[in-house]
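This briefing walks through one protein model, going from its overall build to a strand, a helix and the surroundings of a ligand. Please look over the sequence and the structure before reading on.

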Amino acid sequence: MMRVILALAATTTTALVAPSLRSARSPTRVRSIAENVAQTQETSRDKVMTFSYDTERERAYEKPTYKGTGDGMGGGDAGDEYDVVVIGSGMGGLACGAMCAKYGEKSIVLESHIKMGGSAHSFTKVHNKEKYSFEVGPSIFEGLDKPSLNPLRILLDVLDSELPVETYQGLAYWVPTSNFDGAGPVKYWRFQLGDVEAPGGFYESLREHASDGELAIKEFEALRNRLKTLGGSTTAVCLFNLRQDPGFLATTAGSLPYVATHPDVFADLPLTFDSLHKTVDQLVTEPFLRNFIDTMCIFCGFPAKGAMTAHMLYILERFFEPGCSYSVPKGGTENIARALHRGGAQFGMDISLNTHVAEILVEGGRACGVRLKSGKVIRARKAVVSNATPFDTVKMLPAQDALDPEMPGFAALQDWRQTLGTLPRHGAILHLFVAVDAEKVVDGKKLADHASWRAAEDETAKNPAHLIVQDWSRSMQDSQNLCSFFIPSLLDRSVCPEGKHVIHVYSSGGEPYEPWEQLEPGSEAYEAYKEERANILWEALENCIPDARERAEFHIVGSPLAHEAFLRRDRGTYGMAWAAGTSAPYAGLLKFTPIPFPFPNLKTPVDGLLRCGDSCFPGIGTPSAAASGVIAANTIVNVETHIAMLEETAKKDPMYKFLSPGPFQWLYRGLVSPLTPSKELRGSGVFQPSSGGRVSAAAEAASR
Ligand SMILES: Cc1cc2nc3c(=O)[nH]c(=O)nc-3n(C[C@H](O)[C@H](O)[C@H](O)COP(=O)(O)OP(=O)(O)OC[C@H]3O[C@@H](n4cnc5c(N)ncnc54)[C@H](O)[C@@H]3O)c2cc1C
């Protein structure tokens, strides 16, 4: 009986890894272009915004190409055959390639752009002969400074790769607080990570800014308590223990004692992947707190309505732990990608930049390699893993009429790609990159003469990260309502010259693509539209730097067309947008359980073709994308190899002990071992143990 319960526990806690089910197509309704745009013109707080196109039917849709991103014609130096070929060097692709190498699989990452990192790459602009470096995407990273539960940090430790960072503790908010339900005078407040009761901590902010501080505290505690058991499970089972085959029973067995001692976790399981707003609506009424929760969720694409509860569990548990902090990678965001690359390269991972994959080759129903834009073919012995968005992956599949209709899985492939190509997605993002001169005197003032800047620069409470909401009654997905900016130079002086600062301002992912598509880049109308739409970003920045426009050394507006070209994401999308609450198509066995799993599987109907990245569980964000890459790599190897990695990592830091599947693994190991990896992924990689040393940029340079 006990064994049945344990099996059930392991099954349910990790049911997302259930084998892919080749289900009949669940059609998704494609919005018309008019609908895509109309929903952004008058938004309201309670409506979930998503966009859609039929990528499969628009196979000829050509992305705009931009100078500076490469022509994609590289790959000449790459080998002809690998165990695993990964398309894309985003966080997911690098994680997958590096882990495959660690597992002894010969892997290569093929990246279309001349830079690695995907959404997390940086670019440099030379101005007056001096270099200014900007991140194009993510800026907020918690827990990279020391062993933590952030999958990105765990991965760096698995790979023994160093990532030097600076740290800070707070997020600056510029929001209407006098009228919590709509627009009002904008007020500044600071969300401080860590102990809620510490000076300047979250409870102090609630007491100062909420309409009823004590009520907000009570409700926040009730929310944390409600989700406590589920939240605790984040230290009972790690994303790194997951894999998409029956092997997960053995690799997640370490969570069984937690499940056995917390039986209420069963009752709460349906909440895990469900929309967070259902729990929030039951427990939180105080408007300031509700607003805060929505803004915490929005980085995964949705406010609480639509956001998966599992995403918030991490935040509710970790952001309030004493000692936790946000990190700024020294030398710019791209150093995360470089650290992953270094980690993988020591185990033999190859990377080829400026190498655009034109087609995924499918023979006899199996993905057997890729054809590059240059025409070169690279074959994959075990698997091809696409880190591109589903919309970009669909375009790489061979045309249906080029496939043999007798091929195994012919109909399933047609169905899958039509479904994938029409999945709802977030809109695009608008960017403003600004360099300001701190010393320039504008109306008699230097930058430091502004109190708002001094607050950001404060030695003890540095605020490089800012979030701005114009009007609480409008959607937080509305790109003209919510935006953020980040000033890495406040902590890392290497990103621009002395006396200057670099700032990346960006909208939420609800910018409609269509109006941009109709304009010719470089034309007068296009430039005018850029300035018009980016005005809201300037206004956001002026909260902190009132004379930002006069103080600017230069600025660049990055339109959705540029976002699409630089990040290689169809129509500049922020990502797939299946709002939590129902199961996504191809959600596997979970589709038929009370647990609504809002992601398609990593496995696809094509044998040997897997996906990873932020359209896969656990979703948008660098930690999630990296975790999905690790789960894909785990799925490619057998349980023994996977467990060797888990046991090795568990010994690296007390924080990582929970990765060990412990003695309970033996309940399942004999049973599931012959089933791993799935038969289409069989091969002979040999796990590569850590050398005990750390790979740093300096060590890498010395070994050359
Ligand atoms: C403006 C912005 C702000 C963000 N803020 C944060 C934040 O603060 N914190 C956070 O954690 N996350 C944040 N995110 C989200 C996070 O950056 C992403 O979720 C994550 O980086 C996506 O990683 P990925 O693995 O899905 O791959 P992607 O980054 O999408 O990379 C995919 C790669 O595949 C390549 N590719 C595509 N097609 C081909 C092809 N045919 N051939 C070869 N290569 C190809 C692309 O060039 C790209 O490099 C932000 C994102 C943006 C855009």
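A residue is called buried here if 20 or more other C-beta atoms lie within 10 Å of its own, exposed if 12 or fewer do, and partly exposed in between. By that rule, 56% of the 704 residues of the protein count as buried. Please keep in mind that this is a predicted model.

**Overall build**

- The secondary structure of the protein comes to 25 helices and 19 strands.
- Taken along the principal axes, the C-alpha atoms of the protein fill a box of roughly 75 × 55 × 55 Å.
- A compact globule with 704 residues would have a radius of gyration near 27 Å, and the value for the protein is 24 Å, which agrees with that expectation.

**Strand β14 and its partners**

- Strand β14 covers residues 431–437, and because 6 of its 7 residues are buried, the strand is largely enclosed by the rest of the structure.
- With strand β17 (residues 500–507), β14 pairs in the antiparallel sense over 7 bridges, and within this pairing Val-436 stands opposite His-501.
- Strand β18 (residues 552–558) also runs antiparallel to β14 and is joined to it by 6 bridges, with Val-434 standing opposite His-555 of β18.

**Helix α23**

- The buried residues of α23 are Val-639, Thr-641, His-642, Ile-643, Met-645, Leu-646 and Thr-649.
- An α-helix has 3.6 residues a turn, so residues three or four places apart point the same way.
- The buried residues of α23 pack against several other helices, namely α3, α4 (151–158), α8 (248–251), α22 and α24 (665–672).

**Around the ligand**

- The ligand is surrounded by 37 residues, of which the closest are Gly-88, Gly-90, Gly-92, Gly-118 and Gly-613.
- Sorted by class, the shell around the ligand holds 16 nonpolar, 16 polar and 5 charged residues.
- Helices α3 (91–102), α15 (390–396) and α22 (622–636) each supply at least two residues of this shell, and two of these helices, α3 and α22, are also among those against which the buried residues of α23 pack.

Technical notes:
Residues numbered from 1 in each chain as written. Predicted model: local features only at pLDDT ≥ 70, side-chain atom pairs only at ≥ 80, totals over all residues. Near = placed C-beta within 6 Å. Helix = DSSP H or I, 4+ residues; strand = E, 2+ residues; numbered from the N terminus. Nonpolar A, V, L, I, M, F, W, Y, C, P; charged D, E, K, R; others polar. Pairing = 2+ DSSP bridges. Rg over C-alpha atoms; globule rule 2.2 N^0.38 Å. Contact = placed C-beta atoms within 7 Å.
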